[in-house]
Amino acid sequence: MSDIVLSAGVRANLLQLQQTSDLITQTQTRLATGKKVNSALDNPINYFTAQGLSVRANDLNSLLDAMGTGIQTIQAANNGISSITKLVQSAQALVSQAQQTADTNVRATLASQFDALLPQMDQLAGDSGFNGINLLGGNDLTITMNEDATSQVVVGSVNDTTAADLAISGSQNSWNGNADIQVAADQLKVTLTTLRSQAQSLSSNLSTVQIRQDFTKAMVNTLQTGADNLTLADSNEEGANLLALQTRQQLSTTALSLASQADQNVLRLFQ
Amino acid sequence: MGLKVELKAGERFILGDCLVTNGDQRTRLLIEGDAPLLREKDIMTTAQANTPAKRIYLAVQLMYTARDPRLHHDTYFILMRELVQAVPSAWPHIVAVSNNILAGEMYKALKSAKALIAYEKEILDHATRDTSIRRGRQTDRKSA
């Protein structure tokens, strides 16, 4: 082999020839299949990236399901809290009725009605779970936001039983004295505040998860189109496309809406 | 651990909802907490954002500095979809940006958007260069 010496010119021609024959084979396959990248050998980076994109889209899809379940769980807890709030309000009504009468018999009846409400609150709290997780019954909820689980939202649970967070005790002395009724009235006031703050933290968690869910949905969509397009990539064509897009975007409404969004943002201070 | 910012005379940066301008001497600040912080050199104005990737950067920047990032998600996705259709090979960069947004790490998302701008510049340079140079670029094989 060593006695064959190729001049630079011959070498260049040879290279050209090899490339041409490669191109011909490529073109034939493309004509046959209609795709520019058919196997990993045509354009390894694009081929595997495209595959990666499809895999990622699937990963994200399963995350979306988990987010959906998470949202249901939070909503179940939220419904539980609003029902419990209604019960607490009817208990308050009983208390104020008792405060308006001096008849001990009436008071005793009201007190027993009040006592009957308490186990109902406990039952409601026990039934506010979804898919085995009850945020009102001490089960924390962890929702994973991305596929490598580096981003998570943990929704802390509460314990909404009358013995625990709600802190309401049964009626004392059948509400015989005014002080006995006052104890219940004070407890109920505190309970309502607790419930309100619990509902607030749930709804802020809910909106965080919903924002992420919307974003992930849009992302999955785009990932799928991206995977399809990537196997058709060609850098000359991309350059031309990019220049065309640049011109087109200058005339599009997106540019206008970006500008108006920037005007409402702190960035306007920087103009 | 806070963030150390060193400012030249007259240099400006955005901190939360405010624009902070340095006086006439060098300053070193230590900032703690998690309000959005953007240095002058990282800020893209609407006038500067004249290419598809720069517009994406602007959208991410708007999300970063906004109280409610949701308002800008739609714009972001429109821009992103347009860019992906034109330049599918920019995908790894776009995925990095989106992933950071998804993880709520907006500053990192801005960093990845910067990488996207660099990649776009590469392609644009390639496209605007003389066509004869481009012809020979099909494969970078060594000779036999």
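In chain B, strand β2 (residues 12–15) and β5(B) pair in the antiparallel sense over 3 bridges; pairing takes at least two DSSP bridges, and strands are DSSP E runs of at least two residues, numbered from the N terminus. This is a predicted model, where local features need pLDDT of at least 70, side-chain atom pairs count only at pLDDT 80 or more, and totals for chains, interfaces and linings use all residues. Residues count from 1 along each chain as its sequence is written, while chains are lettered from A and ligands numbered from 1 in the order written.

**The sheet**
- R39(B) in β5(B) is the bridge partner of F13(B).
- The open sheet has 3 strands in the order β3-β2-β5 (chain B), with antiparallel pairing.
- β3 (18–21) and β5 (37–39) of chain B sit at the edges with a single partner strand each, so one side of each has no neighbour in the sheet.

**The helix pair**
- Helices α3 (residues 91–102) and α4 (residues 106–128) of chain B pack at about 170 degrees, axes 8 Å apart; helices are DSSP H or I runs of at least four residues, and axes are lines fitted to C-alpha atoms over the stretch in contact, with angles from 0 to 180 degrees between N-to-C directions.
- That makes α3(B) roughly antiparallel to α4(B) (an angle over 145 degrees).
- Contacts (C-beta atoms, placed from the backbone, within 7 Å) involve residues including H93(B), I94(B) and V97(B) in α3(B), and A109(B), L116(B) and Y119(B) in α4(B).

Key
Parallel < 35°, antiparallel > 145°, perpendicular 65-115°, else oblique. Contact = placed C-beta atoms within 7 Å.
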